[in-house]
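Subject: Structure handover

Hello,

Here is the structure for you to look through. Please open it next to this email and follow along.

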Amino acid sequence: APIIEALVPLQGVVDESIDKGSKYLHTIKGEGDYTIDVDVYDVLRAWNITDPAHAHGLKKILQPGARGAKDLVQDLEEGINSLQKYLQYVKQDVAG
């Protein structure tokens, strides 16, 4: 599975001794018995997402309304706004 292939480099890098809280961790199942527990920051790192607006938008979109701070609509709106800001930066860089 492509997502497992992207996350495999995190083996040994993901510090599972850190208590990230169960509401942030998600288990991804690969082939056979292989599983890996990741949070959104592990996913961002696996895909080398480094721009803050890009990362913030994806974080909001990946788990909207589920972290307890904001509701579904507010998280989606904030995620879309952040990704639109990131798109502006990309367009400026391309035009630059």
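Y24 sits in the loop between helix 1 (2–7) and strand 1. Helices (H or I, at least four residues) and strands (E, at least two) are DSSP runs, numbered from the N terminus. Y24 counts as partly exposed because its relative accessibility is 33%. The cut-offs are these: buried means under 20% relative accessible area, exposed means over 50%, and partly exposed is in between (1.4 Å probe, protein chains only). Y24 and A66 are 42 residues apart along the chain, and their C-alpha atoms are separated by 9.0 Å.

Two notes before you read on. This is a predicted model, in which local features need pLDDT of at least 70 and side-chain atom pairs count only at pLDDT 80 or more, while totals for chains, interfaces and linings use all residues. Residues are numbered from 1 along each chain as its sequence is written, and side-chain values use heavy atoms, with hydrogens and water left out.

**Overall layout**

The protein has four helices and two strands. From the N terminus on, the order is α-β-β-α-α-α. Of its 96 residues, 26% count as buried. Now take the contacts (heavy atoms within 4.5 Å). Among those between residues at least 6 apart in sequence, 44% join residues at least 24 apart. The accessible surface comes to about 6,600 Å², and 54% of it belongs to carbon and sulfur atoms. Accessible areas come from the Shrake-Rupley method with a 1.4 Å probe; for residues, only the protein chains shown count as cover.

**The strands**

Strand 1 (residues 26–29) and strand 2 (residues 35–38) run antiparallel, joined by four bridges. Two strands pair if DSSP finds at least two bridges between them. Which residue of strand 2 is the bridge partner of H26? It is V38. The hairpin has five residues between the strands, and G32 there takes a positive phi near 65°.

N48 belongs to the loop between helix 2 and helix 3. Its phi is near 55°, a positive value in a residue other than glycine. N48 counts as exposed because its relative accessibility is 59%.

**Helix 3**

D51 caps the N-terminal end of helix 3. A side-chain oxygen of D51 lies 2.9 Å from the backbone nitrogen of A53. That is a polar contact: a pair of N or O atoms within 3.5 Å, where, within protein, one must be able to donate a hydrogen and the other to accept it, and residues adjacent in sequence count only if both atoms are side-chain atoms.

Helix 3 covers residues 52–62, and A53, H54, A55, G57 and K60 are buried in it. These buried residues pack against helix 2 (40–46) and helix 4 (72–95). Look at H54 in helix 3. Why does H54 count as buried? The reason is its relative accessibility of 16%. Leaving aside neighbours within four places in sequence, H54 is in contact with I49, L83 and Y86.

**Salt bridges**

How many salt bridges does the structure hold? There are three. A salt bridge is a side-chain nitrogen of Lys or Arg within 4 Å of a carboxyl oxygen of Asp or Glu.

- K60 and D75 meet through their side chains (3.1 Å, N to O). This pair links distant parts of the chain: K60 is in helix 3 and D75 in helix 4, 15 residues apart. Both residues are buried.
- E78 and K60 meet through their side chains (3.0 Å, N to O). This pair also links distant parts of the chain, with E78 in helix 4 and K60 in helix 3, 18 residues apart.
- K70 and E78 meet through their side chains (3.0 Å, N to O).

Together, K60, K70, D75 and E78 are linked in a network of salt bridges. K60 is buried because its relative accessible area is 4%. K70 counts as partly exposed because its relative accessibility is 30%.

**The nonpolar patch**

I61, L72, V73, L76 and I80 form a nonpolar patch on the surface. Together they have about 390 Å² of accessible area. Patches are made of residues with over 30% relative accessible area and no salt bridge; like charges are joined within 9 Å, nonpolar side chains (Val, Leu, Ile, Met, Phe, Trp, Tyr) within 5 Å. Helix 4 gives the most to this patch, with four residues. L72 lies in helix 4. L72 is partly exposed because its relative accessible area is 46%.

Best wishes
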